[in-house]
Protein chains: 2
Amino acid sequence: MTNPPSPTTAPLPDFLPPALCALAREQSLTRGETLFRRGQRPTRVFFVAAGEIHLLRHGVHGQAVIFQRSAAGSFLAEPSIDSPGYHCDAVAVAASRLRVFPLADFRSALDADPAFARRWRLFLAREIRRLRGRAERLAMRSVRERIVHYIECEGEDGMLSWSGELKALAAELGVTHEALYRALARLAADGLLERAPGCLRLIGSGRL
Amino acid sequence: MTNPPSPTTAPLPDFLPPALCALAREQSLTRGETLFRRGQRPTRVFFVAAGEIHLLRHGVHGQAVIFQRSAAGSFLAEPSIDSPGYHCDAVAVAASRLRVFPLADFRSALDADPAFARRWRLFLAREIRRLRGRAERLAMRSVRERIVHYIECEGEDGMLSWSGELKALAAELGVTHEALYRALARLAADGLLERAPGCLRLIGSGRL
DNA sequence: GCGCCCGTATGATTGCGATCATATGACCAA
DNA sequence: TTGGTCATATGATCGCAATCATACGGGCGC
């Protein structure tokens, strides 16, 4: 079951040890607020519960160079857990709410609890897998191909459940909503895709 | 110092414990050979020393749906270390050489050696960071923006050392070599980029 | 020396998606 | 009820990179 980004507050991942969750504090950021800066020593681990944070630097021309756009449901700057300093700045681009863990406790939990350590690294490894799939799609020129790849990757047996707005799917695929609507309509017209509310299913034995 | 993909054999990462490295065996694959299949239980950890492996499935239309293209220097299917089965197939798309670790020993080392565990998760976290930067670039429409973003991200203070072929850089950026040459020439003509053999440097205080 | 291969480079053409504009209908607040 | 907002949808236009074609020079094998 694939769903679009959560519209409200994302819960902490269920593999976090309860003792660690009990240590999490809530922090709110207003739009434009900076959470940390490049080079600062990390003392906390951040989970985005709502809103959006960009990890960025300023380039030689002064422009913002965005490394990452973190929405609700994601951790920030995972390498910082084991690094002496942040690699970049973190800025809220919308009003945001974070769950904040003391870094020392997070690290102690990883070191002391093998089950948590395993789940953490599996979480990281799955994120790698997700990002690689996403990069494959973004490297594709045609919207049609991106749709098909996404359904195959994120759906099951060629069927994708998507209960949110198609505009969010367009954003996930890195295309405009116009392009998405058109490609979906054309895939359906070509008999390659079946559309139902909240569901997209590829029709097999066809030719792309 | 950024360099293009290694043309020969990639060494194992230096954070792997020597005792674990001693357990690595070499395996060669011919082009087209399948290394593992979806659903199989993982018993080994694979590092690509040379060649290229694709992780893929077959979609409803029978076409290959590529999740990942692993070149020399990368591990394969990281989630499999902590999963009961492979998520997809692995096929060599070129003659390849792998370094192969017994999975049980790899896992034991992670569990028993906290320093190795920390380095492994840092390695994963950095890969996440790299992939996110790559996704940002791939989501950009213009080649020019991709070049600038890459130099800012992977270079230092706007300078990128690149001792390999520009065609490899084009592949990394997801553009054709023609498009890359043109964009580099235009950036240089606009006074925004300085080109020297093996080096690209952004010229500051300009307008993009 | 010659031919082949390949990286770098450039010209011409094409096509697809972004952009801009507009339409329709559902939802919500006043 | 009315007006505004927004998601879904579609039409028209434009522009940029892919594609195709070609050129040049360096390296290498015979």
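Visitor: Where is the place of His54(B) in chain B?
Guide: This is a predicted model, where local features need pLDDT of at least 70, side-chain atom pairs count only at pLDDT 80 or more, and totals for chains, interfaces and linings use all residues. Residues are numbered from 1 along each chain as written, chains are lettered from A and ligands numbered from 1 in written order, and side-chain values use heavy atoms, without hydrogens and water. Strands here are DSSP E runs of at least two residues, numbered from the N terminus. His54(B) sits in residues 52-58, strand β4 of chain B.

Visitor: Is His54(B) buried or exposed?
Guide: Buried means under 20% relative accessible area, exposed over 50% and partly exposed in between, using a 1.4 Å probe and protein chains only. His54(B) has a relative accessible area of 9%, so it counts as buried.

Visitor: Which side chain joins that of His54(B) in a polar contact?
Guide: A polar contact is a pair of N or O atoms within 3.5 Å; within protein, one must be able to donate a hydrogen and the other to accept it, and sequence-adjacent residues count only if both atoms are side-chain atoms. At 3.0 Å, the partner of His54(B) is Glu52(B).

Visitor: In which sense do β4(B) and strand β5 of chain B pair?
Guide: Two strands pair if DSSP finds at least two bridges between them. β4(B) and β5(B), residues 64-71, have seven bridges, and one of the bridge partners is Ala64(B), for His58(B). The sense of the β4(B) and β5(B) pairing is antiparallel.

Visitor: How many bridges join β4(B) to strand β6 of chain B?
Guide: In β6(B), Ala92(B) is the bridge partner of Ile53(B). β4(B) and β6(B) run antiparallel, and the number of bridges is four.
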